[in-house]
Amino acid sequence: MLSTLKYIAVVLWSAFVVAPLLWALTTSFKTANGVTGGPTYLPYIGFEPSLDGWRSLFGGAGGIDIVRPYMDSLIVTSSASLISIVLGTLAAYGLSRFEYRAGFVKNTDIIFFFISQRIMPPIVLAIPFFLMLQFLGLLDTKIGLILVYVALLLPIAVWIMVDFFDGVPRQIDEMAMLDGCTPFEAFWRIVLPNSMPGILVASMFCVIFGWNDFFFAFTLTFTDTQLLPVAVVSLNSSVTPWWSLSASALVSVAPLILIAIFVERLLSRGTLAGAIR
Amino acid sequence: MASIHLDQIGHSYGTAVYALEKTDMHFEDGKTYALLGPSGCGKTTMLNIISGLLTPSDGRVLLGGTDVTRTRTAERNIAQVFQFPVVYQSKTVFENLAFPLHCRGWDRSRIATRVAEIADLLGLTSRLSQSARRLTADEKQLISLGRGLVRNDVAALLMDEPLTVIDPHMKFDLRRRIKQANDQTRHTVVYVTHDQNEAMTFADEVLVMSAGRVVQRGTPQQLFEAPRNLYVGNFIGSPGMNFVRAERLDGDLRLDGVPLVGADRCRGIAPDAEIVLGIRPEHIAFAQGEELGVPASIVSAQDHGSLLVVDVAVGSDRLRMKVRRDVSFPAGQARLRVSSDQVRLYVDGVLVN
Ligand SMILES: Nc1ncnc2c1ncn2[C@@H]1O[C@H](COP(=O)(O)OP(=O)(O)OP(=O)(O)O)[C@@H](O)[C@H]1O
Ligand SMILES: [Mg+2]
């Protein structure tokens, strides 16, 4: 009885999650007629499939070339995430294991300083970022965006990793040092391999944020550099091209779905469970 | 292998109270020491100072005569086993045991041989290729222990209650195996424990600690026979030493009117000082026949296996005595024979004779 209920719940939930994707998938193969002709789901029966939507993503009629923004987005997101994770992990380890003091400023104050960067609404940050990038001549460049994203992602990375390292018993580091490691080797050879779950979680947050950001990509780049979310929006015109938008939505969400599947695999293998103790 | 000298070492964790009071301490090369004391008395603090995990607030640490106070843990080449298991979960059992050797640059074949030896000693051979993640707490502690024992060139081996989490029935066997391993290597060993039996069987010398200071150090026998103060007397032995106020009459020390200690042993003690007698439960027996004895009434008896611990009342004092199970003793009233040369004299809580 209970398991029947469970299965019903799972089925309902799956429908809830999958339906929009299915909708986007069918719509991406429709034409204007197919979209306005009421809800239809089966190609050749309900509507006449067409590749117009997909063609428009590669510079086809009325569309834009999405390949370059896609690559730009991949480069910017992965570089910014990688830099944030590397710097964030190192900073977090330091903050978790060593005591810093500058006058009345102590570790917890430094950590709060990091987090407090994210209290301000993005609009407040947009103008200073704009001016700074302008000053550096980095407006409308990938490097400029990467710098901005690192500034935005680093607090998240530091915060997640400090919390994670605080949960790793200090004795692990101490034992490694007794076994003959320098403090850095203890971190590198022992603590880090045990910290993959935390790093994975932090990376996920960073990638999702970086990949989905529209606001900063929109305000800080114009023509030379264009990220995917901005490119997708520029697909829109006086007649909403649902087919192109659906196709672009699917390619946009694809990397995140791949990440989700990858993380789920790791979780179900138990690689993450109880990595420490 | 090296001697350890703590020169005027003291440590406070940033509070006014010293977790370890300023002391001078010497551990000789190749000897086994037991640190014995209640929870929070500073045992772990002392070990961490020796191994360099903690930098002392005061004093210097000397290893084999060299000042290592500012030397990194790794360079001190000290093995330490913690109270709770620490294993590297991302590694296999073999890799865990091999890691210290690996860090010291041993070559593969030498590592394999040595790890096999240690695994055999600790009964871990069948587990070597397993991931350390899924072991029981017992097995994890064995690995911690193994990592401590695997290097046979360490300056010292420090063990912080390594057997606390181990199953009682394995404890005895393991104690023997640790001792065996140490007898081969002859390291300087400092072994922290709560358990006085462990301390007494293991160590060449026992250090009893209390509230951040070493109260007495000596061989197990010295601690048993002549505890320096009431604290050590209570702490060592089970049950601890009996302490009763003596009556001083004609220079003799008496218990409930019966003379126990002659005037000659009271020499040098101020005539009006209050003297407390320390009597081990092992040194009290029931008087036989016409023998003179201290009159006592029996309160209760507890079964301790082959021995009985009997509670007796002498005047207004309570004493505990240990008797063999098969000794028949009268219910109610009895007379006690006390081996008077084993009685210790304390004034103001400190041993005087
Ligand atoms: N990191 C620390 N920060 C502050 N105080 C500490 C710290 N570690 C220990 N102490 C304090 O120092 C004192 C001695 O601690 P220590 O761990 O050396 O005791 P111990 O004899 O090993 O006790 P146990 O038998 O419980 O392990 C205790 O009062 C403890 O509360
Ligand atoms: Mg301790």
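Good morning. The model is predicted, so local features are given where pLDDT is at least 70 and side-chain atom pairs only at pLDDT 80 or more, while totals for chains, interfaces and linings use all residues. Residues are numbered from 1 along each chain as its sequence is written, chains are lettered from A in the order in which they are written, and side-chain values use heavy atoms, with hydrogens and water left out.

Let me begin with chain B as a whole. Chain B contains 9 helices and 22 strands; helices (H or I, at least four residues) and strands (E, at least two) are DSSP runs, numbered from the N terminus. The C-alpha trace of chain B spans about 75 × 45 × 35 Å along its principal axes. Of its 353 residues, 52% count as buried. Here, buried means under 20% relative accessible area, exposed means over 50%, and partly exposed lies in between, with a 1.4 Å probe and protein chains only. Among the contacts in chain B with a separation of 6 or more, 65% join residues 24 or more positions apart, where contact means heavy atoms within 4.5 Å.

I turn now to one helix of chain B. Helix H5 of chain B covers residues 137-149, and its 13 residues should span 18 Å at 1.5 Å a residue, which agrees with the 18 Å between its end C-alpha atoms. The expected span is 1.5 Å times one less than the number of residues. How many of the 13 residues of H5(B) are buried? The number is 12, so H5(B) is largely enclosed by the rest of the structure. Among these buried residues are the charged-group names B:Asp138, B:Glu139, B:Lys140 and B:Arg147, as well as B:Leu142, B:Ile143 and B:Leu145. The cover over the buried residues of H5(B) includes helix H8 (170-178) of chain A, and from chain B it includes helix H3 (93-103) and strand E7 (156-160).

B:Leu145 leads us to the nonpolar cores. A nonpolar core is a set of buried Ala, Val, Leu, Ile, Met, Phe, Trp, Tyr and Cys residues joined through side-chain atoms within 4.5 Å. In soluble globular proteins, nonpolar side chains tend to be buried together. The largest core has 44 residues, of which B:Leu145, B:Met159 and B:Val206 touch the most other members. H4(B) gives the most to this core, with 6 residues. Apart from it lies another core, of 39 residues, including A:Leu125 and A:Leu220. Leaving aside residues up to four places away in sequence, B:Leu145 touches B:Val81, B:Leu122, B:Met159, B:Pro162, B:Leu174 and B:Ile178.

Next, chain A. Two packed helices are described by the angle between their axes and the distance between the axes. The axes of H4(A) and helix H7 (residues 142-166) of chain A come within 6 Å and cross at roughly 35°; axes are lines fitted to C-alpha atoms, for helices over the stretch in contact, with angles from 0 to 180 degrees between N-to-C directions. The residues of this contact divide into 21 nonpolar, 6 polar and 4 charged.

H4(A) covers residues 67-97 and holds A:Thr89. Is A:Thr89 buried or exposed? A:Thr89 counts as buried because its relative accessibility is 4%. Among the residues that A:Thr89 touches are A:Met161, A:Phe165 and A:Ile199.

A:Ile199 is itself one of the buried residues of H10(A). Helix H10 of chain A has 17 residues, 196-212, and reaches 24 Å from first C-alpha to last, close to the 24 Å expected. A:Val207 also lies in H10 of chain A, and the residues it touches include A:Thr77 and A:Ser81.

A:Asp213 counts as buried at 8% relative accessibility. Beyond four places in sequence, A:Asp213 touches A:Tyr149 and A:Pro229.

Finally, some backbone details. A:Asp140 has a positive phi of about 65° although it is not a glycine; this residue is buried, with a relative accessible area of 8%. B:Gln8, in strand E1 (residues 4-11) of chain B, has a positive phi near 55° and is partly exposed at 39%. The peptide bond from B:Ser238 to B:Pro239 is cis, with omega near -5°. B:Pro239 is in the loop between helix H9 (230-235) and strand E11 (242-245) of chain B.
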